[in-house]
Amino acid sequence: PVDDGVARVVILSIDGLRADVVRPENTPVLARLRTEGVYAPETHTIVPSLTLPSHASMLSGQPPENHKVDWNGLDERRIAVPTIFSFARRAGLRTVMVVGKEKFSTIVYPDSLDAYVYVPEGDQAVVDAAIREARRGFRVMFVHLPEVDMTGHGQGWLSEPYLAAARNADAAVGRLRAALMRSTTLIVTADHGGTGFGHGDAVAEHVRIPWIAHGGAVRVPGTVTRIVSTMDTAATAAHILGLGLGAGALGVPVPLGGM
């Protein structure tokens, strides 16, 4: 696409992807993005390391005691705090979420989205929908790939089917990156890792997640030396767009000069 230089952010979460799986033999696209971008090797999610609470912190910059998301399935309750999309939409920026699990509707803050797309057919179909939304125009987009997590629960974390799902997700990320303007900052991360057939505990294999920023606001490739929190993802996106996150947010922007 022709690059207009406008600041845009895509937060892409590969559900259940362990940080130690991001290696050239498993995820060649992510390995390349890591080399070309800013990489935070010590990035941690919240505890409990569960999908909805973790994504609520990732997208709001707030800890669980503030966002109040203590469920992990479809629920009548909703996230209690505004998200990055709330502040972006109030500023007149187009906001989009494309997700692979229906339960994400519970962490959509009221009046925060211009487009919400649920795609149940898997990672490649999610990215197809994300590419369509990108062509319609956006300033901040969240994309959720579900299959790595679903395969972990069904076949086991680090099993061959799990690693195959990671390779498939990696290819999907490559397609999305190629469809985005170079001036778009792509942040690739995850909500949690896992062991055996589950996750949710405070152990490193569950809490450590990948975090890579590529293109856009990344000026100097490099490695972040400090510990990064998943809450820093929302803060980084807000900083790129010239926005704040409001009272109670604990996330701080990740330096995109590789510091």
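1. Strands β1 and β7 run parallel to each other and pair over six bridges. For the terms: strands here are DSSP E runs of at least two residues and helices are H or I runs of at least four, numbered from the N terminus, and two strands pair if DSSP finds at least two bridges between them. Keep in mind that this is a predicted model, where local features need pLDDT of at least 70, side-chain atom pairs count only at pLDDT 80 or more, and totals for chains, interfaces and linings use all residues. Residues are numbered from 1 along each chain as its sequence is written, and side-chain values use heavy atoms, with hydrogens and water left out.

2. How many of the seven residues of β1 are buried? Seven of the seven are, where buried means under 20% relative accessible area, exposed over 50% and partly exposed in between (1.4 Å probe, protein chains only). In a regular strand the side chains alternate between the two faces of the sheet. Here both faces are covered, with Arg8, Val10, Leu12 and Ile14 on one side and Val9, Ile11 and Ser13 on the other.

3. Thr185 sits in β7 (residues 184–189) and is buried, at 1% relative accessible area. A polar atom of its side chain lies 2.8 Å from the backbone nitrogen of Ala217. Leaving aside residues up to four places away in sequence, Thr185 touches Arg8, Val9, Val10, His214, Gly215, Gly216, Ala217 and Ile240 (contact is heavy atoms within 4.5 Å).

4. There is also an open sheet of three strands, ordered β8-β3-β11, with mixed pairing. β8 (208–209) and β11 (228–229) are at the edges with a single partner strand each, so one side of each has no neighbour in the sheet. β3 (residues 43–44) pairs with β11 in the parallel sense over two bridges, and His44 has Ser229 as its bridge partner in β11.

5. Helix α2 (residues 51–60) is mostly covered, with 10 of its 10 residues buried, including Pro53, His55 and Met58. Gly61 follows α2 and has a positive phi, near 75°.

6. Now the rings. Aromatic pairs come to two, counting rings of Phe, Tyr and Trp (its six-membered ring) with centres within 6.5 Å; planes under 30 degrees apart are stacked, over 60 edge-to-face and the rest tilted. Phe104 and Phe142 are tilted, at 5.8 Å centre to centre and 35° between the planes. Phe104 is in the loop between β4 (95–99) and β5 (115–118) and Phe142 is in β6, so the pair ties together parts that are 38 residues apart in sequence. Phe104 is buried at 0% relative accessibility, and Phe142 is buried at 0%. Trp157 and Tyr162 form a tilted pair, with centres 5.9 Å apart and planes at 40°.

7. Last, charges over rings, meaning NZ of Lys or CZ of Arg within 6 Å of the ring centre and within 35 degrees of the ring normal. Arg34 lies over the face of Tyr39, 5.0 Å from the ring centre. Arg90 has its charged end over the ring of Phe87, at 5.2 Å from the centre.

Terms used:
Polar contact = N/O pair within 3.5 Å; in protein donor to acceptor, adjacent residues only side chain to side chain.
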